[in-house]
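Please go through the following account with the sequence and the coordinates side by side.

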Amino acid sequence: MAAVVWWLPWRRWSRYSPLALSVPAFAILAFSTWAFGGVATGTGPFFVLVFAWAGLHFPPWAIVGMAPAALVAYLVPLDVTHQSQQVISSAVVLLPIAIAVGWIIATQVAHLREAREQVRQVERWRAALTATLAHDVRSPLTAVRLALHTLAKSADRLSADRRQAVIVAAQRQTARIQRLAEGLLDVERVDIRGELRLDRQQVALYLAADEAVGYLDTSDVVIDIDPDLIVCADPHRLEQILINLTTNALNHGKPPVVIQAEPANGVLRLEVRDHGDGVPEAQQPSLFSQFSDTETGTGSVGLGLWIARELARVHGGDLQYEPADPGARFVVTLPLNP
């Protein structure tokens, strides 16, 4: 039996397929009990051993599923060899003990696996936040460095307007770095501690979108929003939502990227649409999950869409994906009067 088990291709089958080994194991124990003339004291510990093995490798429900086969394997040879009722009734003691041992082991192993997964998640968070910071800070940091280099080398030759423009550009990029750092802290606050304080204000949506797009240094974004449209939201969080969605559209779609908004029934519908190929159907279920693989190959770690949706939900709204023709459309819904 061991030789057969050794050569079987277990990795090609389900992770639960080794449970089938409990059937021949109980059959061997039943045969041994019968061969010993109905003496169960020699095979009883091996019943416990089989359940312990199952507890190490399978969830608790597998222990319960094995119980009927163990009961038959224990009682049938005792009955065939005409053992006394007292001997047969020993199953009332042995089998519950074996099942309890397997159940306890399976439960503890499940707790250990969960703890190990939590440790892996923490390590993944640390690596992801480091990668996000390194990637997203590189661009504004380069702009600040160039601005300082320009001022250091050519300050005397620059006109007053040009010098002021360089200083303003550097200030905008340093503000962007600060917001990126705050965004990384938001990840921890939302996901780990479940708290995120909002500073709600009356925000002119067109100006907020224009400010967010200004950080991206691109001409491929069109803002189609009524300048008089006002929304009650945290301006920094709203800006982060717009930056994340617009960056995602620029990375994965094709220009132009269009930002539109319209109120309806007390809800603001804010859309960011590109004209690319859209999101493949296979990737849509995991689109807003942490570390989504839909952003693989763009230098991102898959947190942008997740952060945007969580920030929308903190405002009392939501973020959804809708296919466009052509392209992809991400729709943020925010209450106008929260």
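A residue is called buried when its relative accessible area is under 20%, exposed when it is over 50%, and partly exposed in between, with a 1.4 Å probe and protein chains only as cover. The model is a predicted one, in which local features need pLDDT of at least 70 and side-chain atom pairs count only at pLDDT 80 or more, while totals for chains, interfaces and linings use all residues. Residues are numbered from 1 along each chain as its sequence is written, and side-chain values use heavy atoms, with hydrogens and water left out.

Side chains of opposite charge can pair when their charged atoms come close. Here a salt bridge requires a side-chain nitrogen of Lys or Arg within 4 Å of a carboxyl oxygen of Asp or Glu, and by this rule the count comes to six. One of them joins Arg 237 to Asp 234, with an N to O distance of 3.8 Å. Arg 237 counts as buried because its relative accessibility is 11%, and Asp 234 is likewise buried, at 5%.

Another salt bridge brings together the side chains of Arg 269 and Glu 322, at 2.9 Å from N to O. This pair links distant parts of the chain, since Arg 269 belongs to strand 5 (residues 267–273) and Glu 322 to strand 6 (residues 318–323), 53 residues apart; helices (H or I, at least four residues) and strands (E, at least two) are DSSP runs numbered from the N terminus. Arg 269 is partly exposed, with a relative accessible area of 25%, and Glu 322 is also partly exposed, at 26%. Strand 5 takes part in a further link between distant parts of the chain, in which its Glu 271 is paired with Arg 329 of strand 7 (residues 328–335), 58 residues apart. The N to O distance in the salt bridge between Arg 329 and Glu 271 is 3.3 Å, and both partners count as buried, Arg 329 at 17% relative accessibility and Glu 271 at 11%. Through shared partners, salt bridges join Arg 269, Glu 271, Glu 322 and Arg 329 into one network.

The rings of Phe, Tyr and Trp (its six-membered ring) pair if their centres lie within 6.5 Å, and planes under 30 degrees apart count as stacked, over 60 as edge-to-face and the rest as tilted. The structure holds nine aromatic pairs. The pair of Phe 26 and Phe 47 is stacked, because the ring centres are 5.8 Å apart and the planes stand at 20°. Phe 26 lies in helix 2 and Phe 47 in helix 3 (residues 44–57), 21 residues apart, and the two are buried, with relative accessibilities of 2% for Phe 26 and 0% for Phe 47. The rings of Phe 47 and Tyr 74, by contrast, have planes at 80° and centres 5.6 Å apart, so this pair is edge-to-face. Since Tyr 74 lies in helix 4 and Phe 47 in helix 3, the contact ties together parts that are 27 residues apart in sequence. Phe 26, Phe 47, Phe 51 and Tyr 74 form one aromatic cluster.

Phe 31, Trp 34, Val 72, Val 76 and Val 80 make a nonpolar patch of about 490 Å², with accessible areas taken from the Shrake-Rupley method. Helix 2 (22–35) and helix 4 (60–80) are the elements that give two or more residues to this patch, and helix 4 gives the most, with three.

Key:
Patches are made of residues with over 30% relative accessible area and no salt bridge: like charges are joined within 9 Å, nonpolar side chains (Val, Leu, Ile, Met, Phe, Trp, Tyr) within 5 Å. Accessible areas come from the Shrake-Rupley method with a 1.4 Å probe; for residues, only the protein chains shown count as cover.
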